Amino acid sequence: MSGHELSRDEARRIAVRAQLLDRPRPTDLLDVVRRLTLLNIDPTAAVAPSVDLVLWSRLGSSSSPSGLATALESRTLIELQGMIRPSADFALYRADMAEWPGRGELSGWRQFRLDWVTANDASRYDILQRLDSSGPLALRDLPDHCAVPWKSSGWTNNRNVAQLLEFMVQRGEVAIAGREGRERLWDLASRVYPDDAVVPADEALRIRNERRLHSLGIARGRGPECPVEPMDVGEAGEPATVEGVKGTWRVDPSLLGLPFSGRAALLSPFDRLVHDRKRILELFEFDYQLEMYKPAAKRRWGFFSLPILYGDRLIGKLDATSDRDAGALRVKTIHDDVPFTEAMTSAVHREIKNLADWLGLDLELPH
C-alpha cells in the first residue's frame with residue numbers, strides 16, 4: 001500500500017501538534033475541547049481532576065475549572081458516556097443510541113448487556129417514570145428494583161442502578177443534567193441534549209473517525225473494540241508507515257510538513273496523547289501504566305504519576321500529590337526515562353512550579 005513514509009520524529013510531532021501540546025499554546029477553552037473532541041472524566045484528584053489537568057496542560061495559567069463548569073451549566077459542553085464533549089457532537093451519536101447495543105449480529109459482550117437490560121426492564125421503566133415526574137435526581141434517589149444483579153469482577157459488581165443508568169445513557173434515554181459536588185444528577189435525555197437532527201449512522205461514524213484522527217494526528221486504522229471511545233480511525237485520513245514500527249497507520253494530511261516548536265508539559269494519565277499505551281510505546285518508546293490500582297509495593301512510578309512531555313519526546317514521570325489541608329504540592333520523585341539535559345531539567349521544574357502556582361499550593365520538592 002502506497003502512503004506517507006514518516007520517521008518516528010515526524011510521527012511524534014504530528015501527534016503532539018494534533019493534541020495542542022506544542023507552541024504556541026491555545027487560548028480558548030471551547031476551542032480546545034472541540035479540537036480534542038472530548039475530555040475523559042475521572043474522579044481521581046491526587047494532583048487535580050483529570051479534566052482540569054488536560055485543560056491546564058494546553059491553556060496554562062489561563063485555564064479555570066470555573067470556565068469548564070460554566071460551559072457545562074450552559075450546555076455548551078455536555079457529559080456523554082463518561083466524557084465531556086461539545087453539545088453539537090451529540091447528533092453524531094443519536095443513530096447509534098437508537099440501535100443500541102449495535103447493528104447486525106452482536107458480539108458476546110454486547111449480547112450480554114442487551115440480555116441484562118431486558119431482564120431488568122421493570123427497573124428501567126421505574127427510573128424513567130421517576131425522572132419524568134421528579135428529575136433531575138441523584139443516584140441515591142433511585143431505588144434498586146433490578147431482578148438480575150450486575151456481576152463483575154471489578155468495582156461495578158452489584159452496583160445495579162448505576163450500571164443500568166450507564167446503559168440507559170448509551171440508549172439515549174437518560175443523561176447527566178448536572179452535579180451536586182461530585183455527585184451526578186440524572187434526568188431524561190430529552191431535557192438535557194439538543195434536539196438536533198439525527199446524522200445517519202454510517203455518516204456519523206465517518207465524521208467521528210475523521211474528527212478523532214484530527215485530534216490524534218496519527219492512529220491505527222483498526223484496533224480492539226472499545227465500549228465507549230475507540231482508539232482507531234477506520235479509513236479516515238491517508239495511509240502511512242512509520243520508520244521502525246510495524247504495520248500501517250492513518251495520518252491526517254493537514255498536519256503533515258508543518259513547522260514544530262515544542263515545549264514541556266505535564267500530562268494527566270488520561271490525556272489522549274498517552275491514553276493508548278501501545279501507541280505511545282510504538283511511537284514514543286515510552287513505557288507507562290497507571291498504577292493507582294496496584295499495591296503500593298508494586299508501583300514503579302507512583303499512585304498517579306504524570307507523564308512528562310518535552311518537545312516531541314516523553315521523557316519521564318512526575319510522582320506528586322496535592323495536600324490541600326497542608327496547602328502543598330508534594331513532589332516525591334521525578335523519574336527520568338532518559339538523562340535530563342540542563343535545558344530539560346530547567347523546563348520541567350518550571351512547569352512543576354507553574355502547576356503548583358495554578359493549584360494555589362506551595363511547592364515541596366524532595367530533599
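Select helix α11 (277–284) and then what covers its buried residues: α1 (8–18), α10 (201–216), β8 (218–219), β9 (238–242), β10 (249–251) and β13 are included. Helices (H or I, at least four residues) and strands (E, at least two) are DSSP runs, numbered from the N terminus. The model is predicted: local features need pLDDT of at least 70, side-chain atom pairs count only at pLDDT 80 or more, and totals for chains, interfaces and linings use all residues. Residues are numbered from 1 along each chain as its sequence is written, and side-chain values use heavy atoms, with hydrogens and water left out.

Stay on α11 and pick Arg279, Ile280, Glu282, Leu283 and Phe284, which are buried (under 20% relative accessible area, with exposed over 50% and partly exposed in between; 1.4 Å probe, protein chains only). Looking down the axis of α11, these buried residues fall within an arc of 165°, so they line one face of the helix. The arc is that of the directions from the helix axis to the C-beta atoms.

Now show both ends of α11. At its start, a side-chain oxygen of Asp276 reaches to within 3.2 Å of the backbone nitrogen of Lys278. After α11 comes Glu285, with a positive phi near 50°.

Next, select Ser268, in the loop between β11 (264–266) and α11. Ser268 counts as buried because its relative accessibility is 0%. Its side chain reaches the backbone nitrogen of Phe270 at 3.0 Å. Leaving aside residues up to four places away in sequence, Ser268 touches Ser50, Leu53, Val54, Val274, Leu306 and Pro307 (contact means heavy atoms within 4.5 Å).

Move back to β11 and colour its sheet. Here 5 strands form an open sheet with mixed pairing, in the order β11-β12-β13-β14-β15. Two strands pair if DSSP finds at least two bridges between them. At the edges stand β11 and β15 (362–364), each with a single partner strand, so one side of each has no neighbour in the sheet. β11 pairs with β12 (residues 306–310) in the antiparallel sense over 3 bridges. Within this pair, Ala265 stands opposite Leu309 in β12.

Finally, select helices α2 (residues 29–36) and α3 (residues 50–59), which pack at an angle of about 110° with their axes 11 Å apart. Axes are lines fitted to C-alpha atoms, for helices over the stretch in contact, and angles run from 0 to 180 degrees between N-to-C directions. α2 is therefore roughly perpendicular to α3 (65 to 115 degrees; under 35 is roughly parallel, over 145 roughly antiparallel and the rest oblique). Leu29, Val32, Val33 and Leu36 of α2 make the contact with Val54, Leu55, Arg58 and Leu59 of α3.

Notes. Polar contact = N/O pair within 3.5 Å; in protein donor to acceptor, adjacent residues only side chain to side chain.
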